[in-house]
Amino acid sequence: MTIGVLALQGDVVEHLAALADIGAAAIPVKTFADLEKVDGLIIPGGESTTVMKLLDRFGLAEPIRGRVRAGMPLWGTCMGMIVAAHGVAGLDQPALDLIDIVVRRNAFGRQNESAEVELPIPVLGPEPFPAIFIRAPWIESMGPGVQLLAERDGHGVMVRQDNVLATSFHPELTPDRRVHDYFLQMVADARESVGKAPTAA
Amino acid sequence: MKTTTGTPIVKTGLAQMLKGGVIMDVVTPEHAVIAQEAGAVAVMALEKIPADIRAEGGVARMSNLELIQGIMDAVTIPVMAKVRIGHFAEAQVLESIGVDYIDESEVLTPADEKYHCDKHLFTTPFVCGARDLGEALRRIAEGAAMIRSKGEAGSGNIVEAVRHIRAISDAIRELSVAPKEELVARARDLGAPLELVRQVAHDGKLPVVLFCAGGVSTPADAALMMQLGAEGIFVGSGIFKSQKPKRFAKAIVDATTHFNDPKIVAEACRSLGMSEAMEGLDLRQLDESEMLSTRGN
């Protein structure tokens, strides 16, 4: 089982190190050939306008859409959440439309409002998660199929819809590996369900 | 819910999000939009690009606030702005208007020839220039959350950028194999705090993100610097002093992303057609007093 980290721009190495920490095999994904080798993909933190352009320029947008719609687990952190979203509120910015959420960019403010937050995430246990928000987006609206996993000040900041997970914050910047573990489990479950019932959604 | 702003992890974190990207100098909101469209990860808002500062002489200060605000309103990517070395009041002003990163920069005329700003006092993170490891670690000790190798701004000549990034990487490599008992003397020679020297020796890298600056003017320059260990690129005069800024901006972004794939770098070079890069300066013919990189140490 191999996890890929989209490596066009952003905090790629931090995710690779976090995955190594929990014993997962991981590779950076820069090309179509890299994408073919992975069972799950993380889109890291970075600049969403930059990475959307690079995904298009280097022909990765469609292959990623195809793989994720066929069931490959995807996790987007911050920029990754924006890139995976259905749309971006108030901006004419393209996105991959892989999870039924509309996000608002820089919703908590500019860099001076970037913060460390002790965030309750019930699905990860009673201990709050040390969530790092950097010029972070929030979820402005979401479709009925989306499960809300965490909120900050009344705004969704962690959601899941089937094989797609999205967080406004950066678990890769802290030593707490619970979200990485959670995603690894999603990838393991997806492989198992493909083995048992290839047509399952 | 406990919420804390301005912590070291939040300040260094923004630089981590910029890695693998290009930060472009812009002097108008229109430039900023061109930069964003080309795929820049951030822009540096300033009144004059370094080549013009160099040509015009005089005292270069923090930029006009309306200009900076206009650029902040024009784009969604982070906006950086420069203050003079040691001019903490300029930095307080930039923090109050909410720029995302402050560059305490040798490109402006220094305000203090002895001391840099105490950057720990700020919520807004700082990036600072360095020519070698000692200089980089002194800036980090003062609170810099990101380092850029200085190069020679506005020169269109990559030679100083290469010198500085190599100096930093070589010194890190030496430290990482140095016996423990040598580290105190190494810290003395570097003029850097022992604690940081120990950390670099252990990790084999700087504790903050390292970009390169000062001389990048072609896609191949960007690919060179990335292969030499830069984690991202600042381009100052190289874009808006070229004949075709839009093309140069996009080509430098592509070459930075795929720095280790010569075919893509070649494609980026080809996309420029016959348009020329900015004119360069032969730095060996420059008087020492005209060098910007020697300001601040």
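1. A polar contact is a pair of N or O atoms within 3.5 Å; within protein, one must be able to donate a hydrogen and the other to accept it, and residues adjacent in sequence count only if both atoms are side-chain atoms. By this rule, 24 residue pairs (both at pLDDT 80 or more) are in polar contact across the interface of chain A and chain B.

2. This is a predicted model, in which local features need pLDDT of at least 70 and side-chain atom pairs count only at pLDDT 80 or more, while totals for chains, interfaces and linings use all residues. Residues are numbered from 1 along each chain as its sequence is written, chains are lettered from A in the order in which they are written, and side-chain values use heavy atoms, with hydrogens and water left out.

3. Chain A brings 40 residues to the contact (heavy atoms within 4.5 Å) and chain B brings 44 residues. About 3300 Å² is buried between them (accessible area, 1.4 Å probe, lost on being put together and summed over both), with carbon and sulfur atoms giving 54%. A:R110, A:Q111 and A:N112 supply 20% of the area that chain A buries against chain B, more than any other three residues.

4. Five salt bridges (a side-chain nitrogen of Lys or Arg within 4 Å of a carboxyl oxygen of Asp or Glu) are counted between chain A and chain B. In one, B:K19 is joined to A:E14, with the closest N and O atoms 2.7 Å apart.

5. Strand β7 of chain A and strand β1 (residues 3-5) of chain B run antiparallel and are joined by three bridges; strands are DSSP runs (E, at least two residues), numbered from the N terminus, and two of them pair if DSSP finds at least two bridges between them. A:A115 has B:T5 as its bridge partner in β1(B).

How values were computed
Buried area is the accessible area (1.4 Å probe) that two parts lose on being put together, summed over both. Helices (H or I, at least four residues) and strands (E, at least two) are DSSP runs, numbered from the N terminus.
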